[in-house]
Amino acid sequence: MKRLILLLLLCHVSLLHAEIAVVVPADSPIDSLSKQEVSNLFLSKTNRLADGKKAILIEVRDNRLRDTFYRLISNKTPTQLKSYWTTLIFTGKGKPPRSFPGKQEMIEYMKRHATTISYLESSEITPEMKIVLRFPMPD
Amino acid sequence: MGYKSYIKIALYFLLSVLISTNLSANENRWQELLTINGFYTLDLTYADDAIPIISNGNIPRVLDAEESTFKNSVFGLQVELEIFSGLSAFLQGSVFYDEQNESDESLDWAYLRYDPGNNYDIRIGKFLVPFLQGTELKSVGYSRLWARPLVPGSGAGGFIETRGLELIKRIPLEDSFLSLQFSLGEPEHQRWTVDGQRLGLVAVKYERSDFWLRAALLRADYEVFTPLGQVIDDKARVNMFSIETEIRFYDFVVNAGLSDSDADFSPDDKLSYLSVAYPIGRFTPYILAARTSRQFEAFTPPPPPVSAPPPPGGRPPSQRVGDNDHETLAIGFRYDLGGTHAIKAQIERIDIVDESDPRRGRVDSEANVFTILLEGIF
């Protein structure tokens, strides 16, 4: 019984601390990014890092995570966001991050490209990644 | 050179690049280099009386009384190929029904894009004129809230596309964003009696999370001919101005826009619109009021012979003869299906007062137009 209570408590604590983490490859020179920098990069308003290198934005095809992340960085609903991307894509002024079907494919890509930036739930972070910004998961 | 020639050249260019770099060598590499996007609108429109409407293609369209038609449907495809880091080729075209209800195609964009860093983009090639947001996205219905485009087929005073150079500068600010777009080129006019010579445009867009404002200035120089090829004016000029905004106010979304032009040769185009929407999840009801006005002048044609130069002292005398006013009041909704498709339905009341032809006098037209459509991107 004590073990069950302990397990429930741990789950509760883990849920309380659920976060979305913005990540870069572990060997990246970037140590931190501001929310505004992340917003500008993921909304294709800039494609350059502070050192002038071209950033490669990638994400996993996870609608729930994606909707939450973009709500946090842009305050846009999924519908507003799709309309935003449509405007950029079909005028050639920007495009959304490249998406991968699963986390493993994304990690493989990240290993090969030093300037990639992505986001994941913090519980899914692997040693190949470094967290540069955290967002508490909204209720 | 016609559209079909451009399409052929563009396709040959793309094909030769694909072959030369060995498509089958590395599939993953191609997924990184080649991006293909598309858009479609499957549109059913009914009018209870004969009326001209604004269509999805770059053409005017007149509906017959009690006509139901799919002729406003459009399909488009975009291909972007990264040739090497920082340089990419971009093609975008659409297929639609022309004025004779035959299927036609147009290559709307064909350019090379170079990213030199520092948030600059340099583009060389063929572009739609970015005078209003709707002139660049006229055929991409999914990008707008409403069922029908707001910008008439004449686009920016008849100048629909331009060939030349564009410079885009993106400026991220602390909690907002500014983008500048400069365009310089040789424009193509909708009417074959107008020969565009030079076009210059500057557009500024300021964005915050719940607000954007866009303004543009355009100037074009052009020659005007009679249908027999006689030069009427070889130094005609048009100056145009536009301002558009979107504001999220509490749970409402307000869109408004205004454009005006001052042309040496008529018509002077004016456009204004106001829309209020109230998104409820995927369902977004809206109301829209829009008005376009074209002010016409009559000119005394110069005397023959055909090859004679323009008359001394500039263009021939003109006299304002009347306007063509097109007013729309619409109510409708957009329902988003998942992430990339939407259904829209719209009922609009269109009133047209045409006094542009003094021989014909004033002609009033009015009709109720019903539109239901499915559209999306892929």
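This is a predicted model: local features need pLDDT of at least 70, side-chain atom pairs count only at pLDDT 80 or more; totals for chains, interfaces and linings use all residues.
**Figure 1. Chain A is built from five helices and five strands.** From the N terminus on, the elements of chain A follow the order α-β-α-β-α-α-β-α-β-β. Chain A has 139 residues, of which 28% count as buried. Among the contacts in chain A with a separation of 6 or more, 74% are made by residues 24 or more positions apart.

**Figure 2. The five strands of chain A form an open sheet with mixed pairing.** The order across the sheet is S3-S2-S4-S1-S5. S3 and strand S5 (129-136) of chain A are the edge strands, and each pairs on one side only. On average, neighbouring strands of this sheet are turned by 25° against each other, direction ignored. Strands of a sheet pair through backbone hydrogen bonds, either parallel or antiparallel.

Figure 3. S4(A) is mostly covered, with five of its six residues buried. S2(A) also pairs with S3(A), in the parallel sense and over three bridges. In that pairing, the bridge partner of Glu59(A) in S3(A) is Ser99(A).

**Figure 4. Helix H5 (residues 103-112) of chain A has three buried residues, Met106(A), Ile107(A) and Met110(A).** Because these residues cover an arc of only 100° around the axis, they are on the same side of H5(A). The face of H5(A) turned away from its buried side carries Gln104(A) and Arg112(A), which are exposed. H5(A) lies across S1, S2, S3 and S4 of chain A and runs at about 150° to S4(A). The cover over the buried residues of H5(A) includes strand S1 (19-25), strand S2 (56-60), strand S3 (98-100) and strand S4 (116-121) of chain A.

**Figure 5. The largest nonpolar core has 40 residues.** Val129(B), Phe131(B), Leu201(B) and Leu218(B) have the most contacts inside this core. Several strands of chain B each supply at least two of its residues, among them strand S9 (159-172), strand S11 (194-208), strand S12 (211-225) and strand S13 (231-249). S12(B) provides the largest share of this core, five residues. A second, separate core has 21 residues, including Ile20(A), Leu41(A), Leu43(A) and Ala55(A). In soluble globular proteins, nonpolar side chains tend to be buried together.

**Figure 6. S12(B) pairs in the antiparallel sense with S11(B) and with S13(B).** The pairing of S11(B) and S12(B) extends over 14 bridges, and these strands form a hairpin with two residues between them. Across this pairing, Arg198(B) has Asp221(B) in S12(B) as its bridge partner. S12(B) and S13(B) are likewise joined by 14 bridges, with Phe211(B) opposite Ile247(B) in S13(B). The hairpin of S12(B) and S13(B) has five residues between the strands, and Gly229(B) there takes a positive phi near 95°.

**Figure 7. Ser356(B) is a buried residue in the loop between strand S18 (341-354) and strand S19 (363-377) of chain B.** Ser356(B) counts as buried because it has 20 C-beta neighbours inside 10 Å, and a residue is buried if 20 or more lie within that distance. Leaving aside residues up to four places away in sequence, Ser356(B) touches Arg294(B), Phe296(B), Val321(B), Gly322(B), Asp323(B) and Asn324(B). Ser356(B) and Glu297(B) are 59 residues apart in sequence, yet their C-alpha atoms are 8.0 Å apart in space.

**Figure 8. The contact between the chains takes 20 residues from chain A and 28 residues from chain B.** On the side of chain A that touches chain B, the elements giving two or more residues are helix H2 (35-42) and helix H4 (78-89) of chain A. H4(A) gives the most to this side, with seven residues. The residues on this side of chain A divide into three nonpolar, twelve polar and five charged.

Conventions: Residues are numbered from 1 along each chain as its sequence is written. Chains are lettered from A and ligands numbered from 1 in the order in which they are written. A residue is buried if 20 or more other C-beta atoms lie within 10 Å of its own, exposed if 12 or fewer, and partly exposed in between; C-beta atoms are placed from the backbone. Helices (H or I, at least four residues) and strands (E, at least two) are DSSP runs, numbered from the N terminus. The arc is that of the directions from the helix axis to the C-beta atoms. Two residues are in contact if their C-beta atoms, placed from the backbone, lie within 7 Å. A nonpolar core is a set of buried Ala, Val, Leu, Ile, Met, Phe, Trp, Tyr and Cys residues joined through C-beta atoms within 7 Å. Two strands pair if DSSP finds at least two bridges between them. Axes are lines fitted to C-alpha atoms, for helices over the stretch in contact, and angles run from 0 to 180 degrees between N-to-C directions. Ala, Val, Leu, Ile, Met, Phe, Trp, Tyr, Cys and Pro count as nonpolar, Asp, Glu, Lys and Arg as charged, and the others, Gly among them, as polar.
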